[in-house]
Amino acid sequence: MKIPRAFLEEAMARCTPGAECAALLFGRGDVVEAWRWMRNVLNSPAAFRLDAEEMYKALAEAEGAGRELVAIFHTHPGPPDPSPLDVRYMAVWRVVWLIANVYTWETAAWILKSGVELVPVEYI
Ligand SMILES: [Zn+2]
């Protein structure tokens with residue numbers, strides 16, 4: 001997956017350990033072209049939940065621009081490996097899950113196929 005470096009720079013500037021930070025990434029194929037930061041309604045340092053209406057609006061807007069949801073981003077207060085809860089939601093949202101360690105900014109991308117698989121990422 002190709003992700004603009006600008007996205008990661010924005011994430012580093014706005015995400016703090018106080019609450020998991022989340023964004024929807026839109027594009028075509030495996031190229032991210034746009035993104036929208038989402039409110040974490042749990043406001044928790046160890047979990048996130050998106051607001052359904054905010055998510056719906058972002059998805060509708062992207063669709064209007066001819067883009068599809070290609071990845072969901074969120075931060076962890078630790079290693080960028082999917083939590084058991086993440087894996088449950090990965091089964092619902094079968095796109096790439098990009099996770100970043102909010103302290104080190106190590107990132108990893110995952111997708112659920114028959115099992116959780118690592119997706120190679122290139123920052124462009
Ligand atoms: Zn997670």
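**Ground rules**

I count residues from 1 along each chain as its sequence is written. Because this is a predicted model, I take local features at pLDDT of at least 70 and side-chain atom pairs at pLDDT 80 or more, while totals for chains, interfaces and linings use all residues. My helices (H or I, at least four residues) and strands (E, at least two) are DSSP runs, numbered from the N terminus.

**Entry 1: the record**

The unreviewed entry carries the annotation "domain: JAB" over residues 11-105. Positions from UniProt are in the numbering used here, feature names are shortened, and annotations may be inferred rather than shown by experiment. Over residues 11-105 I get 25% helix and 32% strand, with the end C-alpha atoms 9 Å apart.

I started with β2, residues 22-28. Is this strand buried or exposed? Six of its seven residues are buried, so β2 is largely enclosed by the rest of the structure. For me, buried means 20 or more other C-beta atoms within 10 Å of a residue's own, exposed means 12 or fewer, and partly exposed is in between; C-beta atoms are placed from the backbone.

Next I looked up who pairs with β2; two strands pair if DSSP finds at least two bridges between them. Strand β3 (residues 31-38) runs antiparallel to β2, with seven bridges. One pair I noted is alanine 23 with tryptophan 37 in β3. The hairpin of β2 and β3 has two residues between the strands, and glycine 29 there has a positive phi near 60°.

Strand β4 (residues 68-76) is also antiparallel to β2, over six bridges. Across from leucine 24 I found isoleucine 72 of β4, and across from phenylalanine 26 I found leucine 69 of β4.

Which strand pairs with β4 in the parallel sense? That is β5 (residues 96-101), over six bridges. Isoleucine 72 turns up again here, opposite tryptophan 97 in β5.

β5 then pairs antiparallel with β6 through four bridges, and isoleucine 99 faces alanine 108 of β6. Five residues lie between β5 and β6 in their hairpin. β6 also pairs antiparallel with β7 (residues 116-119), again over four bridges. There, alanine 109 has valine 119 as its bridge partner, and the β6-β7 hairpin has three residues between its strands.

**Entry 2**

What does alanine 71 touch? Leaving out residues up to four places away in sequence, I listed Met1, Leu25, Val32, Val95, Val96, Trp97 and Leu98. A contact here is a pair of C-beta atoms, placed from the backbone, within 7 Å.

**Entry 3: helix α2**

α2 (residues 52-64) has 13 residues and reaches 18 Å from first C-alpha to last, close to the 18 Å expected. The expected span is 1.5 Å times one less than the number of residues. Just after α2, glycine 66 has a positive phi of about 80°.

Glutamate 63 is in α2, and I count it as exposed, with 12 C-beta neighbours inside 10 Å.

Asparagine 43, in the loop between β3 and α2, has a positive phi of about 45° without being a glycine. Why do I call asparagine 43 exposed? Because it has 12 other C-beta atoms within 10 Å.

Tryptophan 105 is in the loop between β5 and β6, and its phi is also positive, about 65°, although it is not a glycine. With 13 C-beta neighbours inside 10 Å, tryptophan 105 is partly exposed.
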